[in-house]
Amino acid sequence: MKTPFDTRVRITISNIIIDYLSAQPEKILFFVCDSADTRQKGRMRIFEQWYNYLKVDYIEKYNESIQAADMDIYCSIILHTNNSLKNHIISSFRNLSHTTSEKLKSY
C-alpha cells in the first residue's frame with residue numbers, strides 16, 4: 001500500500017532527475033539496484049513505475065540486467081533525449097552489461 005511518504009519520495013526524486021537533466025542534457029544518471037537483501041528486482045520495478053509516472057518526453061530510461069551465478073544485478077541509465085552522445089552511451093551501456101555477464105559466467 002502506498003503512503004503519502006512514498007508519493008513525496010517519488011515526486012522529490014523525479015523532480016531532482018528532471019531538474020538535473022534539464023539543466024545538464026549532456027549528463028547521464030547510472031544506477032544499480034542494491035542486491036544485498038535480494039530485493040533488487042522489486043527496486044527495479046518501483047523505479048520503472050516512477051519513470052512511467054514522469055511522462056517527460058525528453059528523458060529516456062534504459063534497463064539492463066547482469067546475470068551472475070547466484071543473482072541478477074539490475075541497472076539503468078537515464079538521459080536527456082538531446083544528449084549528443086545518446087546512441088554511443090546506450091550502445092556502451094548494453095555492451096557493458098553483456099560483457100560483464102559473460103565474464104561473470106566464467107568464474
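Arg39 forms a salt bridge with Asp37, their closest N and O atoms lying 3.8 Å apart. A salt bridge here is a side-chain nitrogen of Lys or Arg within 4 Å of a carboxyl oxygen of Asp or Glu. The model is predicted: local features need pLDDT of at least 70, side-chain atom pairs count only at pLDDT 80 or more, and totals for chains, interfaces and linings use all residues. Residues are numbered from 1 along each chain as its sequence is written, and side-chain values use heavy atoms, with hydrogens and water left out.

Asp37 also pairs with Arg43, with the closest N and O atoms 2.8 Å apart. Arg39 is exposed, at a relative accessible area of 57%. Asp37 is partly exposed at 33%, and Arg43 is partly exposed at 25%. Buried denotes under 20% relative accessible area, exposed over 50%, and partly exposed in between (1.4 Å probe, protein chains only).

The count comes to 5 salt bridges. One of them joins Arg94 to Glu64, with the closest N and O atoms 3.2 Å apart. This pair links distant parts of the chain: Arg94 lies in helix H3 (residues 86-105) and Glu64 in strand E2, 30 residues apart. Helices (H or I, at least four residues) and strands (E, at least two) are DSSP runs, numbered from the N terminus. Arg94 is partly exposed, with a relative accessible area of 39%. Glu64 is buried, at 18%.

Helix H1 spans residues 4-23 and has 20 residues. From first C-alpha to last it reaches 28 Å, close to the 28 Å expected at 1.5 Å a residue. The expected span is 1.5 Å times one less than the number of residues. Arg10, Ser14, Ile17, Ile18 and Leu21 of H1 are buried. Seen down the axis of H1, these residues fall within an arc of 100°, so they line one face of the helix. The arc is that of the directions from the helix axis to the C-beta atoms. Strand E1 (28-32), helix H2 (40-54), strand E2 (59-67) and strand E3 (72-80) are among the elements that cover them, contact being heavy atoms within 4.5 Å. The face turned away from the buried side carries the exposed residues Pro4, Phe5, Arg8, Ile16, Asp19 and Ala23.

With a disulfide defined as a pair of cysteine sulfur atoms within 2.5 Å, the count comes to 0. Cys33 is in no disulfide, and its nearest cysteine sulfur, that of Cys75, is 8.3 Å away. Cys33 is buried, with a relative accessible area of 3%. Cys75 is likewise buried, at 3%.
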